[in-house]
Amino acid sequence: MRRILIIEDEKNLARFIELELAYEGYETEVCSDGRSGLNKAMTQKWDVILLDLMLPELNGIEVCRRIRQVKDTPILMITARDSVLDKVSGLDSGADDYLVKPFAIEELLARLRALFRRTDTTLSSPKMTVLNFKDITLEVESHIAKKGDSVLTLTKREYDLLSMFMSNINIVLTREVLLNKIWGYESEVETNVIDVYVRYLRNKLDPLGNTVYIETVRGIGYVMR
Ligand code: CA
């Protein structure tokens, strides 16, 4: 569950946001001054921090600056005044986005989703392994196979088979190797099941049979090249 910290001193607004976010399935907590908000932000893990600009004890800019020295939790700044200066100083202090009061709850929700999308991609992109062959791509971590931009619907066996070929471009894989890798050494399955699955996979990759993705090496096995 996504956790959102709300640092807002206007009790009614904080309560309203809290209820709306809870309704959307987010877990929330409210702090009503800058100092306790900063403390909460530093000591717990949050997916997003909603931070009011004008706060008692420590203002939003200062809270934001101090969080940023240590953490990169996305911060959505809430400002009452729609002045350019506020926005600039908010973003300068490290906020990821800002929202001007009064705002519609839909706008808040949309901005939250945008922040989650942004952080999701920055988190996943550095370790995302992508295999390519012709117009086929395989996103290893997410187990997604695509032809061009469209996602291929593959069974687990078909996916495993495709993954084997794409990890071994230009290498001829014998039926025995494929069987051992995909069905396991203990398998009772006959090697000709490989031929059946290669046929399934070829149909998925290229239903019209225009492009050769997997070549047959007679008497030996298959190769992607
Ligand atoms: Ca305030």
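M54 is partly exposed, at 46% relative accessibility; that label covers the range between buried, under 20% relative accessible area, and exposed, over 50%, with a 1.4 Å probe and protein chains only. This is a predicted model, where local features need pLDDT of at least 70, side-chain atom pairs count only at pLDDT 80 or more, and totals for chains, interfaces and linings use all residues. Residues are numbered from 1 along each chain as its sequence is written, and side-chain values use heavy atoms, with hydrogens and water left out.

M54 belongs to the calcium site. The protein donors are D9 (OD), D52 (OD) and M54 (O), at 2.1 to 2.3 Å from the ion. Donors here are N, O and S atoms within 2.8 Å of the metal, or 3.2 Å for Na, K and Ca; water is not among the atoms, so the site may look incomplete. The spacing in sequence is D-x42-D-x1-M. D9 sits in the loop between β1 (3-7) and α1 (11-23), and M54 in the loop between β3 (48-52) and α3 (60-70), so the pair links distant parts of the chain, 45 residues apart. Helices are DSSP runs of H or I with at least four residues, strands are E runs with at least two, and both are numbered from the N terminus. D9 is also partly exposed, at 28%.

Next, K101. This residue lies in the loop between β5 (97-100) and α5 (105-124). Is K101 buried or exposed? K101 is buried, with a relative accessible area of 13%. Its side chain makes polar contacts with the side chains of E8, at 3.3 Å, and E10, at 2.9 Å. A polar contact is a pair of N or O atoms within 3.5 Å; within protein, one must be able to donate a hydrogen and the other to accept it, and residues adjacent in sequence count only if both atoms are side-chain atoms.

Now the cores, meaning sets of buried Ala, Val, Leu, Ile, Met, Phe, Trp, Tyr and Cys residues joined through side-chain atoms within 4.5 Å. The largest has 27 residues, and L162, F165, L178, L205, I214 and M224 touch the most other members. α6 (156-167) is among the elements supplying at least two residues, and gives the largest share, six. A second, separate core of 18 residues includes I6, L99, F103 and I105.

Last, the domain assignment, automatic or from a database, gives domain 1 (3-124) and domain 2 (130-223). Their centres, over C-alpha atoms, are 47 Å apart.
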